[in-house]
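Here is a note for a colleague who has not seen this structure before. Please read the points with the model open beside them.

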There are 2 protein chains.
Amino acid sequence: MSERDVAEAIAIDAETRTHGHGDHKDELRLWLRLLTCTNLIEAEIRSRLRERFNVTLPRFDLMAQLEKAPDGMTLGELSRRMMVSAGNVTGLVDRLVQDGLLERHAAPADRRSSLVKLTAKGHESFATMADAHGDWIGDFFDQLNDGDMGELMRLLGRTKASVRRAMEQGEEQGNKE
Amino acid sequence: MSERDVAEAIAIDAETRTHGHGDHKDELRLWLRLLTCTNLIEAEIRSRLRERFNVTLPRFDLMAQLEKAPDGMTLGELSRRMMVSAGNVTGLVDRLVQDGLLERHAAPADRRSSLVKLTAKGHESFATMADAHGDWIGDFFDQLNDGDMGELMRLLGRTKASVRRAMEQGEEQGNKE
DNA sequence: ACGAATTATTTTAAGCTTAAAATATCTCGC
DNA sequence: GCGAGATATTTTAAGCTTAAAATAATTCGT
C-alpha cells in the first residue's frame, strides 16, 4: 500500500467516523450473502416438500406449530407464533381442514374463537415429513464443524440484536421525536 | 450426570457417528435462527419500502438489476439474475411499465425478446430508494464490528458451499442411482 | 429450405400474503 | 344490564409466486 493510499484510507475512515454515513458497501455485501444463503435453503426445502410430500412450506410450518399443542390452538395464537397475518391463517387452516389434516372445534369459553388441532392423519403425515425435513437440514449443514456452527449461532444472535436495536431507533424517528 | 446417562450419551454418540443420522437438533436450531434473522431484516425492509416509497421489494429488486444495465436487459436475463420464474418477471415488468418507471423496447435482433430499461423517472426514483436502503442496511449491522462481519461472511460462505454440495448429492439420488 | 428441437415470453390456475374493512363477541365500568 | 372499546376472526382487493401449458420465433442439421 502506497503512502497516498494510506492517507486516503485514513481520510475516508475519518470522514466515515465523523459523519456516520459511508457507503455501507460491506454491510450490503453481507446482507446479500445472508439473503442468498437463506433463500437457497428455503427454496430447496419448499421444492422437496412439494415434490416428495405434495405440501407447501406454510402448511408444514402450521402443522409444526400444532404438533407442539396437543390440545389445539386458536387461530390468533397460530398467527402470533407463525408471525403472519390473521387472514393468512384463516386461509391456510381452511385448506388444511379441506385436506383432512386439521380439525376445527368451537372454543369452549369464547364463541369468537375456534380451536384447531391435527387429525390422526395430520399427525401421521407430519411425523413423516418432519423426519425427512430434519435429515435435510442435517445434510445442508453437514460441512460445518461444531465450532463453525457455534460461531455462526453467536454471530446471528448479535446480528438479530443489532437489527432489533436499529428497528427501535427507527421507530422513535417515525413517532414524535 | 449418572453413569447410566454417560453410557447412554456415548452409545448415542457412537450410533450417530456410525450411521450418520442423529436428531440434527443443533442444525435445526441454527437453521431456525438463520431464517428468523433474515426474515426480520427482510420484513423491515419491505415495510419501510412500502411506507416511505410505496414500492414492493420485488419491484425494488428488479429496478436494482436494471440500474446496472444502462442499455437494458431482456426479461430472460432479469429472470435468471433475480432467480425467479419468467412468468413472474412478465407481471412485475407490466406493473412497473404501468407506473412509468420502465420502458419496453423491441430487441433489435430477436423478435421473441424485448429489452427493458429504466425511464428517467425510474432512475430518479431508484436513486432515492437505494440511498435510503443502503443507510438502513448500514444501521441494521451497526453493532457488528469488522471482525464479526468478516467472520459472518466467511461462515455464510461455508454454509452456502455445504448446502450446494448437499443439493448435488440429493440430485443424484433423485436420478438413476 | 425444411422441419425438429430449442429458446423467449405470455397465459393460466392455484396458492400465499398483506392491509384494511367488516362481523361477531367479549369485557368492563358504571 | 348497557354501551363503549377491545379482541378474534373473516372477507376483500391487490399483488407476488410458481408450474405447466400455450405462443411465437430462432437455430441447426441435413
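The numbered points below go from the chain to the sheets, the helices, the salt bridges and the pair of chains.

1. Basis. This is a predicted model, in which local features need pLDDT of at least 70 and side-chain atom pairs count only at pLDDT 80 or more, while totals for chains, interfaces and linings use all residues. Residues are numbered from 1 along each chain as its sequence is written, chains are lettered from A and ligands numbered from 1 in the order in which they are written, and side-chain values use heavy atoms, with hydrogens and water left out.

2. Make-up of chain A. Chain A has seven helices and three strands; here helices (H or I, at least four residues) and strands (E, at least two) are DSSP runs, numbered from the N terminus. Read from the N terminus on, the order of elements in chain A is α-α-α-β-α-α-β-β-α-α. Of its 177 residues, 38% count as buried, where buried means under 20% relative accessible area, exposed over 50%, and partly exposed in between (1.4 Å probe, protein chains only). Taking contacts in chain A between residues at least 6 apart in sequence, 50% join residues at least 24 apart; contact means heavy atoms within 4.5 Å.

3. Sheet of chain A. Three strands of chain A form an open sheet in the order 1-3-2, with antiparallel pairing. Strand 1 (73-74) and strand 2 (102-106) of chain A are at the edges with a single partner strand each, so one side of each has no neighbour in the sheet. Strand 1 of chain A is joined to strand 3 (residues 114-118) of chain A by two bridges, and two strands pair if DSSP finds at least two bridges between them. Met73(A) has Val116(A) as its bridge partner in strand 3 of chain A.

4. Helix across the sheet. Helix 3 (residues 57-67) of chain A lies across strand 1, strand 2 and strand 3 of chain A, at about 95° to strand 3 of chain A. For such angles, axes are lines fitted to C-alpha atoms, for helices over the stretch in contact, and angles run from 0 to 180 degrees between N-to-C directions.

5. Sheet of chain B. In chain B, an open sheet of three strands again has the order 1-3-2 and antiparallel pairing. Strand 2 of chain B pairs with strand 3 (residues 114-118) of chain B over five bridges, in the antiparallel sense. Ala106(B) has Ser114(B) as its bridge partner in strand 3 of chain B.

6. Helix 2 of chain B. Does the length of this helix agree or disagree with its residue count? At 1.5 Å a residue, the 29 residues of helix 2 (residues 25-53) of chain B should span 42 Å, and the end C-alpha atoms are 41 Å apart, which agrees; the expected span is 1.5 Å times one less than the number of residues. Just after helix 2 of chain B, Asn54(B) has a positive phi of about 50°. Arg52(B) lies in helix 2 of chain B and is partly exposed at 46% relative accessibility. Arg52(B) and Ala132(B) are 80 residues apart in sequence, yet their C-alpha atoms are 9.6 Å apart in space.

7. Salt bridges within chain A. The whole structure has 18 salt bridges over all chains, each a side-chain nitrogen of Lys or Arg within 4 Å of a carboxyl oxygen of Asp or Glu. Asp110(A) pairs with Arg112(A), with the closest N and O atoms 2.8 Å apart. Asp110(A) is partly exposed at 25%, whereas Arg112(A) is exposed at 76%. Glu151(A) and Arg154(A) form another salt bridge, at 3.1 Å from N to O. Both lie in helix 7 (residues 146-174) of chain A, three residues apart, about one turn of the helix.

8. Salt bridges involving chain B. Asp94(B) and Arg104(B) meet in a salt bridge of 3.0 Å, N to O. Asp94(B) lies in helix 5 (residues 86-98) of chain B and Arg104(B) in strand 2 (residues 102-106) of chain B, so the pair ties together parts ten residues apart in sequence. Salt bridges that share partners also join Asp148(A), Glu151(B), Arg154(B) and Arg158(B) into one network.

9. The two copies. The same surface serves both copies, as 100% of the contact residues of chain A recur in chain B.
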